[in-house]
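Visitor: I'd like to learn how to read a few features off a model. Could you walk me through this one?

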Amino acid sequence: MLSQKSVVFSVSQRQMMPDSVCIRMTITVEDIRHIASLARLGANDESVEQYAEQLNRIMCLIEQMNQIDTSCVEPMAHPQDMTLRFRDDEVVESDQRKVHLALAPETGSGLYLVPQVIEQDA
Amino acid sequence: MHERSLHEHAEALRKGEYTCTELTHHFLDRIRKHSDLNALITLTEELALEQAIRADERLARNEAEPLTGIPLVHKDLFCTRGVLTTCGSRILENFVSPYDATVVRQLNQAGMVTLGKTNMDEFAMGSSNENSYFGPVANPWDRKRVPGGSSGGSAAVVAARLAPVATGTDTGGSIRQPAAFCGLTGIKPSYGRISRFGMIAFASSLDQGGVLANTAHDAAAVLASMSGFDERDSTSLSNTVPDYLAILQKPLRGMKAGLPKEFFSAGVDPDIQKAIEEAVKVLEHLGVRVVEINLPNCNASIPCYYVLAPAEASSNLARFDGVRYGYRTTNYTDLSDMYETTRTEGFGAEVKRRIMIGTYVLSSGYFDAYYVKAQKLRRLIAQDYLQAFEQCDIIVGPTTPTTAFHIGEKSDDPVKMYLNDIFTSSVNLAGLPGLSVPAGFDRNGLPIGLQIIGKYLDESSLLNVGHQFQQHTDWHAHIPRDLT
């Protein structure tokens, strides 16, 4: 548990992140490249460095979670203690294919078009 | 005309003092006159005048509801049929929604008039409105300062009296913090009270729509029309919605208010501290008993929130791929390059940062250490509130640790920016309702917000306390100097 003397609640950034609290693995530029590729975001050399610096600082803030013991606590996914509601399996929506396709950057023959993904036979 | 409250407008419209069309023109002119605030992304003049004519017809037929003919603006996160819906992002800069959000549909049916769509932090990620693709919004109290965020445009509109009321959304404080920064009454209802259908998702277990208004009375009227069950939102609750307006008049005598020790710590601006202490005295004068309470785990709400919200965002924002709607880059070699370049060009820096954090904390090897850990903390935070509410009916404290800061002051430092949510985000984690009401001004003449937190589904008590507080204070009646 947090000690009485804990200063994490203070608004001052220095106090929010005492150096001694932040003992963690550093996110490397290689990690950043991996995360960016999972997230389908581009990362050039310059932005990789910047992401690494910023994410490491943010993760220092996040690491403060470890000051609190949660060993016997059930995770909480949602504010409501209820099971998902089901509806009857009935058609309620009308066909709006044209309306939705009209929003797409590129369409053809009633389909969404994307760059070619399967190579054609020679 | 614009200085009147929503209720005064409703009364005047019914008496025929002016028509809804005249009222709509008045506010449209004001919006154009104060366009330097950059509070709106889209002005929906044609739609507004069309709705105004219909409202005038309803009024003439004596078929008007309480909100018929009242103009409003919607945060640009609510889908509006046939109207640009950008969410403050380049990736949706050309997105014209094919349907209305449930909230929009409900308020249309009530006869309200949509003046436009308000500026906001991109995908509601921010506390200053500086993260908008459409540029920052000025705070009407001091144009060099931020209006707060993410519902910054909505707050600036209502504070400048460019509309009597606005919708907003709140994931970690995005209604209450701008309400505090702009001297407004802002309510985030309990999770599940208002339908999320047609609200562009940021963090689905935290997002909730709400209202920014000049008084608790006005907020109550609009909230009543937005609340209720919606089969299109699987988390929407079927519980009966109380008559919020009837409850406003209830005397506060016998009510118990908890003061969390943790919300009155060092780090809160002394002017805010003083204003909140004064506000508590007003409540005591009204017969509210004050007890000290503890929320020991709320210290961890910021770290917990900045795991869960980005995790949910990284998943929600995966849908923006440049294939079905929105922006697509013109510069790509193959499909995967198209995805990547579209997203890199389409999202702003803060959104990308949060997608990166979210992806990291959900990635293999880190899921338990961060995501599950944060979910466990979420339960401890929610339990803190449950235990506190055994001793009191409402919890009061400051909405924010500081008043509105300067544009650019914190934009280079994400961690500093995140600390704006220090008193608000735990309320979203627990799913509780929260209200911010004006409670004074600091040494620079900037508004201060008093936060009132309620039990689950007890919006009534918050509005009741807010209204009674406003019957005995006049902080909510102040208008920025050059905007009267």
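**Backbone, core and charge pairs**

Guide: Let's start with B:Leu457, which sits in the loop between strand S11 (447-454) and H16 of chain B. Keep in mind that this is a predicted model.

Visitor: What is the phi of B:Leu457?

Guide: The general idea comes first: most residues other than glycine have a negative phi, and most peptide bonds are trans. Here B:Leu457 isn't a glycine, yet its phi is positive, about 70°. With a relative accessible area of 17%, B:Leu457 is also buried, since the cut-off for that word is under 20%.

Visitor: Which other residue has a positive phi without being glycine, with a value near 50°?

Guide: That's B:Phe123. You'll find B:Phe123 in the loop between S3 and H5 of chain B, and it is buried, at a relative accessible area of 1%.

Visitor: And where is a cis peptide bond?

Guide: Look at the bond joining B:Gly149 and B:Ser150, where omega is about 10°. B:Ser150 belongs to the loop between strand S3 (113-118) and helix H5 (152-159) of chain B.

Visitor: On to the core, then. Which residues have the most contacts inside the largest nonpolar core?

Guide: As a general idea, nonpolar side chains tend to be buried together in soluble globular proteins. In this model the largest nonpolar core counts 167 residues, and B:Phe123 and B:Tyr385 have the most contacts within it. If you skip neighbours within four places in sequence, B:Tyr385 touches residues including B:Phe263, B:Leu295, B:Ile395, B:Val427 and B:Ile453. Another core, of five residues, lies apart from the largest one; B:Val146, B:Phe181, B:Phe405 and B:Met417 are among its members.

Visitor: How do I read a helix pair? At what angle do H7 and H16 of chain B pack?

Guide: Compare the N-to-C directions of the two axes. Helix H7 (residues 216-226) and helix H16 (residues 459-471), both of chain B, pack at about 150°, and their axes are 8 Å apart. An angle over 145 degrees counts as roughly antiparallel, so that's the label for H7(B) and H16(B).

Visitor: Which residues of H7(B) and H16(B) meet?

Guide: On the H7(B) side there are B:Ala216, B:His217, B:Ala219, B:Ala220 and B:Leu223, and on the H16(B) side B:Glu459, B:Leu463, B:Gly466, B:His467 and B:Gln470. Sorted by class, that contact has five nonpolar, four polar and one charged residues.

Visitor: Last topic: how many salt bridges does the structure hold?

Guide: Side chains of opposite charge can pair when their charged atoms come close. Over all chains, the structure holds 25 salt bridges. One of them joins A:Arg33 and A:Asp45, at 3.0 Å from N to O. That pair links distant parts of the chain, with A:Arg33 in helix H2 (residues 29-38) and A:Asp45 in helix H3 (residues 45-62) of chain A, 12 residues apart. A:Arg33 is partly exposed at 37% relative accessibility, while A:Asp45 is exposed at 57%.

Visitor: What separates B:Arg32 and B:Asp29 in helix H2 of chain B?

Guide: About one helical turn, because B:Arg32 and B:Asp29 are three residues apart in that helix. Their side chains form a salt bridge too, at 3.1 Å from N to O. Both are partly exposed: B:Arg32 has a relative accessible area of 37%, and B:Asp29 one of 45%.

Definitions and conventions:
Residues are numbered from 1 along each chain as its sequence is written. Chains are lettered from A and ligands numbered from 1 in the order in which they are written. This is a predicted model: local features need pLDDT of at least 70, side-chain atom pairs count only at pLDDT 80 or more; totals for chains, interfaces and linings use all residues. Side-chain values use heavy atoms; hydrogens and water are left out. A nonpolar core is a set of buried Ala, Val, Leu, Ile, Met, Phe, Trp, Tyr and Cys residues joined through side-chain atoms within 4.5 Å. Buried means under 20% relative accessible area, exposed over 50%, partly exposed in between (1.4 Å probe, protein chains only). Contact means heavy atoms within 4.5 Å. Axes are lines fitted to C-alpha atoms, for helices over the stretch in contact, and angles run from 0 to 180 degrees between N-to-C directions. Helices (H or I, at least four residues) and strands (E, at least two) are DSSP runs, numbered from the N terminus. Angles under 35 degrees count as roughly parallel, over 145 as roughly antiparallel, 65 to 115 as roughly perpendicular and the rest as oblique. Ala, Val, Leu, Ile, Met, Phe, Trp, Tyr, Cys and Pro count as nonpolar, Asp, Glu, Lys and Arg as charged, and the others, Gly among them, as polar. A salt bridge is a side-chain nitrogen of Lys or Arg within 4 Å of a carboxyl oxygen of Asp or Glu.
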